[in-house]
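Reader: Please show me the structure, and then let us go through it by question and answer.

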Amino acid sequence: MKTHNFHIPVMGIGFTIDTPIKVAHLGIDSVISLVDDILIEKLRKMYATNFNQSYQEITENSEDFRAKRISSYLNLVQEIAQHKFKELKDISNGVSESLKQYFDFYPETSSLKQQFNALISKHYDRSELKNFLDENLKMGSIDVNIMTKVDKENFYKKEKLPTIYNDAHAALRGYANSELVSSVIFSAGMNPRLYSYLEEFEDFYPDENGMIKKKIVLKVSDYRSALIQGKFLAKKGLWVSEYRIESGLNCGGHAFATDGYLLGPILAQFRDQREEFIAETAAVLSKALTLKNRQVPEVSLPVKFTAQGGVGTAAEHDFLRNHYKLDSIGWGSPFLLVPEATTVDDETLEKISKAKESDLYLSNISPLGVPFHNLKGNTKDLEKAALIAKNRPGSSCPKKYVALNKEFTDAGVCTASRQYQHLRITALIKENLTPEIYQKEYNKIIEKSCTCVGLGTSALIKYNLDTKTEGEGVSICPGPNLAYFSKVINLKEMIGHIYGERNVMERMDRPNIFVKELGIYVEYLQNKIEEAGNILDTKQHKYLSLFAKNLKEGIGYYKNLFQSNMPEFENSYLKVLLELKKSENILNNLKLERLTV
């Protein structure tokens, strides 16, 4: 059966923490973050109670508690989703509303929907309908996300534990030991040690029929990094089943900027070199499986190429799928406004529904040191500002998931923590800087925010769960695309919008997905040039010049793209060309030929 051609990506730590419970029985794929096992344990207790399931607390005194919490929660999520799916398919008392909803979410052009409606429009034969449902209905995949770099070392009685007890390693083990048949999505770049740990688990290897119980998905931002990572894993006998191509900057959460390479040209390269890409990685896989004395699948292993980041209309959705031959499109930030799919507390939901472009910005608040999309006025930042006003900057750091900095201590600390900021400010004072430079460096220190707590607290508030450890400050990380969605949306409306059967956007001034990304990249480059100052060293000059060159080539690509696909862009063609020209003029006027040293 052909399932939906969209998916709901991971968002934050808590915003999709229970999304599969809400949508998997309806055939929609979604992703759970595995960062916060404390949040996961609280949610497991709540859902076990709500669905009359047994619950035995897994405390931090338990051996390997992080992995066990994750396994137990994922098993519970699957059990609940399967129960809801079974109820949906049960026609012993007639066709349920949930079953009608399942098919109602498909577009009118869906042959599956048409077949179902034809079956129930007459005095249907129950066994015929049952066979149809058994053959065609499919649950959405319950996938998980692991940020590869969030792999903090852990200690027991001040003694460092083996690497397999690092955070990302334990999360991977928790997933691997669960009963799920789904995918793990690795984001935030390559972690060779973590990737090597995959070899320890049988579920990640293909059997002789090409079946892989637990698939590997890589979130990537360019062709080269995808090929490097794909071949790295293939050398271990591990197949990457999907490459999830994400816009470098026009996305939510952490933003991993490319060197000026834009989404359109990147997708074109994946499309044009797709067969070569698959053949190259498959050859490496076959050799590795042979060397490991493992069964080499008799069939070619499937691989999907998907994209996400900034898509906002059905026309863009269809164009991306058809023009670049993509298997699915990720719709992230707009789903934050869909309470039937994601978990956002009421106060934050109201704030993001009213957010304009100026309220959504690319910040430096992440302790990971990576640009991070942020909402102005979120309660976690207000909490941070109050501490700064009391001259006590920094978080108490109750969860320590990004305690990775070893600048002052042997054990890692988080750069958003009170401990780190006190040590760093003390060191800064001793540098005897001018007041102007000191203030600039001081601001960089106190800007960091406790996101590993803030991005999960919303779920606790939404469900009236204990926030004594976390506090009530909420961080949220929508992409800039959210500015054009300005109301709370129900699930049917959102899916109808994706498939072009309705429009949930009230604003008419939303720029094209490619134009928006280009604008963000141009602004990003301008900021980098400003940060560099009046004198560029050779390395800076080379990087910024290459960045600008790649953007200009991207503009040239888009000019040809829009001219050769005018029918798809007839309503926005002239506006797009005008915006491309505007960005081109900015790039041509950049002062990069300054003195280099």
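This is a predicted model: local features need pLDDT of at least 70, side-chain atom pairs count only at pLDDT 80 or more; totals for chains, interfaces and linings use all residues.

Reader: Over how many bridges does strand 8 pair with strand 9, and what is the bridge partner of I245?

Author: Strand 8 spans residues 240-246 and strand 9 spans residues 304-308. Their pairing is parallel, over five bridges. Within it, R244 stands opposite T306, and the partner of I245 is A307.

Reader: What joins strand 9 and strand 10 into a β-α-β unit, and of which hand is the unit, right or left?

Author: Strand 9 and strand 10 (residues 328-330) are parallel and pair over three bridges. In this pairing Q308 stands opposite G330.

Reader: How many of the five residues of strand 9 are buried?

Author: Strand 9 pairs with strand 8 and also with strand 10. Strand 9 is largely enclosed by the rest of the structure, because the number of its five residues that are buried is four.

Reader: Is Q78 buried or exposed, and which residues does it touch?

Author: Q78 lies in helix 3 (residues 65-89). The relative accessible area of Q78 is 11%, under the 20% cut-off, so Q78 counts as buried. Leaving out residues up to four places away in sequence, Q78 touches I142, E179, L180 and V181.

Reader: What is the volume of the largest pocket, and which element gives the most to its lining?

Author: The largest pocket has a volume of about 1,300 Å³. Its lining has 37 residues, and those closest to the centre are L362, N364, Y524, N527 and E531. Two or more lining residues come from each of strand 11 (360-363), helix 15 (418-429), helix 16 (435-446), helix 19 (513-532) and helix 21 (573-588). With eleven residues, the element that gives the most is helix 19.

Technical notes: Residues are numbered from 1 along each chain as its sequence is written. Side-chain values use heavy atoms; hydrogens and water are left out. Two strands pair if DSSP finds at least two bridges between them. Buried means under 20% relative accessible area, exposed over 50%, partly exposed in between (1.4 Å probe, protein chains only). Contact means heavy atoms within 4.5 Å. On a 1 Å grid over the protein atoms alone, a cavity is a set of points where a 1.4 Å probe fits but cannot get out, and a pocket is an open set with protein on both sides within 12 Å along at least five of seven lines; lining residues have an atom within 4 Å of a point. Grid points are joined across faces, edges and corners, and a volume is the space filled by probe spheres set on the points.
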